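Here are a few exercises to work through with the model open beside you. Try each task before reading its solution.

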Amino acid sequence: MAQRTVVVASASGLHARPAKLFVQAAVKAGVPVTIRAGEKAVPAKSMLGVLSLGVVQGTEVTLEADGPGAEEALDTLAALLSRDLDAEEALDA
Amino acid sequence: MRDDLLDPRAVLLHESAPDREAAVRRCGRALADVGAVAEPYVEAMLERERSLSTYVGEGVAIPHGTNASKGDVLRDAICVVRFPGGVDWDGEHVTLCVGIAAKDNGHVPLLAALAEILLDPDRARALREATEVSDVIKELTA
């Protein structure tokens with residue numbers, strides 16, 4: 001089981017835009033990824049699941065995945081969470 | 001759960017909209033009507049929607065403004081706007097919008113509660129098909 005623990009950097013936490021970008025990346029990851037906050041774990045590709053975690057900026061979350069490609073997938077997703085996606089919004093617009 | 005986020009006057013259960021833009025505008029107006037946002041916030045909601053759909057699943061979208069528009073949020077609030085006839089949402093079928101005006105993280109627990117409801121098919125259906133304002137408020141703030 002590959003695992004990464006990361007502190008969510010986005011100003012608006014993991015809902016709204018950052019959540020959508022994270023979920024889109026998880027769908028593309030190719031391996032099933034679980035995201036855990038506290039006692040609760042949900043599939044990373046479920047927008048509703050991720051929203052239900054109620055993650056705010058500064059919350060520590062753990063990503064988990066198994067199988068071929070798991071390490072790379074988690075690196076990508078952890079890197080995404082550790083960036084402030086809200087601050088990058090102006091650049092995307 | 002904060003119970004001051006959802007004004008009963010911001011629960012509209014019998015709306016119709018020809019398209020996504022009109023639906024987002026309706027949500028923005030509902031938030032403006034209860035004094036939660038200044039007018040420019042509505043345009044910011046449309047901008048956000050165009051750059052990234054706010055569809056979350058189960059026929060529900062959560063329109064909200066961009067980060068740059070937080071200055072137009074006068075107080076944290078949500079609105080619940082139902083479109084019984086449905087609205088095409090970039091290929092998805094939306095019948096319920098939960099519009100969000102938030103300066104900080106005050107609305108996150110409510111959003112998490114909404115997601116919990118939508119993950120339960122029976123509760124999701126009850127929320128989508130609610131015909132009484134009091135039922136919607138009870139469901140979301142219980």
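**Exercise 1.** In this predicted model, work out how helix H1 (residues 16-28) of chain A and helix H3 (residues 70-81) of chain A are oriented to each other.

*Solution.* Start with the axes: those of H1(A) and H3(A) come within 10 Å and cross at roughly 175 degrees. Next, apply the cut-off: an angle over 145 degrees counts as roughly antiparallel. H1(A) and H3(A) are therefore roughly antiparallel to each other.

**Exercise 2.** Find the residues that make this helix contact, then sort them by class.

*Solution.* Take one helix at a time. H1(A) contributes Leu21(A), Phe22(A), Ala25(A) and Ala26(A). From H3(A) come Thr76(A), Leu77(A), Leu80(A) and Leu81(A). Sorted by class, the contact has seven nonpolar residues, one polar residue and no charged ones.

**Exercise 3.** Describe the stretch of chain A that UniProt lists as "domain: HPr".

*Solution.* First, look up the range: the unreviewed UniProt entry gives residues 1-88 of chain A. Then turn to the secondary structure, which over residues 1-88 is 35% helix and 24% strand. Finally, check the ends of this stretch: their C-alpha atoms are 32 Å apart.

**Exercise 4.** Which element gives the most to the side of chain A that touches chain B?

*Solution.* Begin with the whole contact, which takes 19 residues from chain A and 18 residues from chain B. On the chain A side, the elements giving two or more residues are H1, helix H2 (47-52) and helix H4 (89-92). H2(A) gives the most, with five residues. To finish, divide the residues on this side by class: nine are nonpolar, five polar and five charged.

Methods:
Residues numbered from 1 in each chain as written. Chains lettered and ligands numbered in written order. Predicted model: local features only at pLDDT ≥ 70, side-chain atom pairs only at ≥ 80, totals over all residues. Axes fitted to C-alpha atoms, helices over the stretch in contact; angles between N-to-C directions. Helix = DSSP H or I, 4+ residues; strand = E, 2+ residues; numbered from the N terminus. Parallel < 35°, antiparallel > 145°, perpendicular 65-115°, else oblique. Contact = placed C-beta atoms within 7 Å. Nonpolar A, V, L, I, M, F, W, Y, C, P; charged D, E, K, R; others polar. UniProt positions renumbered as here; feature names shortened; annotations may be inferred.
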